Each structure stands twice: as C-alpha cells, then as structure tokens.
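Subject: Structure for your review

Dear colleague,

Please find below the structure that I would like to hand over to you.

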Amino acid sequence: MSGKNLKKIPLDDRTTDLMNCRTIKEQLPVRLRGTFVINEFGGECLCCDQPIATANMKGRVSAPFPFVAVIEAAGFCPECKFITRFRMRIKDDRTVEYLDREGAWAKEIVPAPSRLTRQLDKLRQYFSAQKCGLKKNSLFDDDD
Ligand SMILES: [Zn+2]
C-alpha cells in the first residue's frame, strides 16, 4: 500500500483548526429529533489503512438543524505522521452524504438505523479508496 503521494497534501488552516478541537468521541452521541442516534465515528489513515485511534480523531460535531448532523474531522496517524480529513453529513431520514475527491457530495441511504455504524464503516473505506486513487471493491454501485 503506497501512500507516498499523499505526503504532498498541504496542512491547511482548517486541518490545523480541527486538530485543535476536542476528539469526535467526546462529542458523541448526537441525537437527531430525539430518535436517531449517532453513537460512534471512526476512520482509517489514508497512508496505511489502519484505524485511527479515537484519541487522535479530532474535529467538530454539530447539528445545525434538528434533523442534520455534520461531522468534520482530522485524524492523525503517528506511524505515518499523516493527517486524514473526513467530512460527513447525516440526516434523520437515513441519508449519509460525504465529500468525495472531486469535491462533490456523494449520497447514500442507510437501510435501517441499526445498521448505521456498519454503513459508515463502508463509507469510510470507500472514502479512503477514492482519496488514495485505488481501485478497491465497489461498495456503492450507484456512484460514478
Ligand atoms: Zn497511517
């Protein structure tokens, strides 16, 4: 798994800002309209594909509307000394949107609330694959 090219990604102000935030874990759970709950959030390092420790996953969790949660995070991998960015929007109608590498919002429907965590895992893997420019298994056939 080569991540050499990833080192070229500059550390921008927003990433620095996110790294100075609290951990995402400290800011969960988030409750949408009192029924839909987001309990956890995690992700893998773009360089080595290893899970980023929750202590190193920092950023902002907000609910700008009672039915929408936004998670923007930066995860630091001590092994690679690399910071991976995550951006995700979750609605209580079970739609999950995330920013793909073209800067477009990709959208997926979570089949059932109980499967949200599992679906988010898939999204993270997909997100990483996109950013790495690798051809992993297509997790979402509907995407271009
Ligand atoms: Zn890594």
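The notes below go from the overall fold to single residues.

Please keep in mind that this is a predicted model.

Overall fold

The protein contains two helices and seven strands. Followed along the sequence, these elements come in the pattern α-β-β-β-β-β-β-β-α. Of the 144 residues in the protein, 24% are buried.

Five strands make up an open sheet with the order β3-β4-β5-β6-β7, and their pairing is antiparallel. At its edges are β3 (57-65) and β7 (105-109), each of which pairs on one side only. On average, neighbouring strands of this sheet are turned by 20° against each other, direction ignored.

Two of the pairings may be followed in detail. β3 and β4 are joined in the antiparallel sense over seven bridges, and they form a hairpin with two residues between them. Within this pair, Val61 has Ile71 in β4 as its bridge partner. β5 and β6 (residues 95-99) also pair in the antiparallel sense, over three bridges. Here Met88 stands opposite Tyr98 in β6.

In soluble globular proteins, nonpolar side chains tend to be buried together. The largest nonpolar core of this model has 21 residues, and those that touch the most other members are Ile24, Cys45, Ala69, Ile71, Ala73, Met88 and Ile90. At least two residues of this core come from each of β3, β4 (68-77), β5 and β6. The most are given by β4, which supplies five residues.

Leaving aside residues up to four places away in sequence, Met88 touches Ile71, Val96 and Tyr98.

A closer look at Ile83

Ile83 is located in strand β5 (residues 82-91). Is Ile83 buried or exposed? A residue is buried if 20 or more other C-beta atoms lie within 10 Å of its own. Ile83 has 23 C-beta neighbours inside 10 Å, and therefore counts as buried. When residues up to four places away in sequence are not counted, Ile83 touches Leu11, Thr15, Met19, Ala74, Gly75 and Phe76. Ile83 and Met57 are 26 residues apart along the chain, and their C-alpha atoms are separated by 9.4 Å.

Backbone details in the loops

- Pro29 is placed in the loop between α1 (13-19) and β1 (30-32). The peptide bond that leads from Leu28 to Pro29 is cis, with omega near 5°.
- Asp49 belongs to the loop between β2 (36-38) and β3. Although Asp49 is not a glycine, it has a positive phi of about 65°. Asp49 is partly exposed, with 16 other C-beta atoms within 10 Å.
- Lys81 occupies the loop between β4 and β5. Lys81 also has a positive phi, of about 55°, although it is not a glycine. Why does Lys81 count as exposed? Lys81 has 9 C-beta neighbours inside 10 Å, and a residue is exposed if 12 or fewer other C-beta atoms lie within that distance.

With kind regards

How values were computed. Residues numbered from 1 in each chain as written. Predicted model: local features only at pLDDT ≥ 70, side-chain atom pairs only at ≥ 80, totals over all residues. Helix = DSSP H or I, 4+ residues; strand = E, 2+ residues; numbered from the N terminus. Contact = placed C-beta atoms within 7 Å. Pairing = 2+ DSSP bridges. Axes fitted to C-alpha atoms, helices over the stretch in contact; angles between N-to-C directions. Core = buried A, V, L, I, M, F, W, Y, C linked by C-beta atoms within 7 Å.
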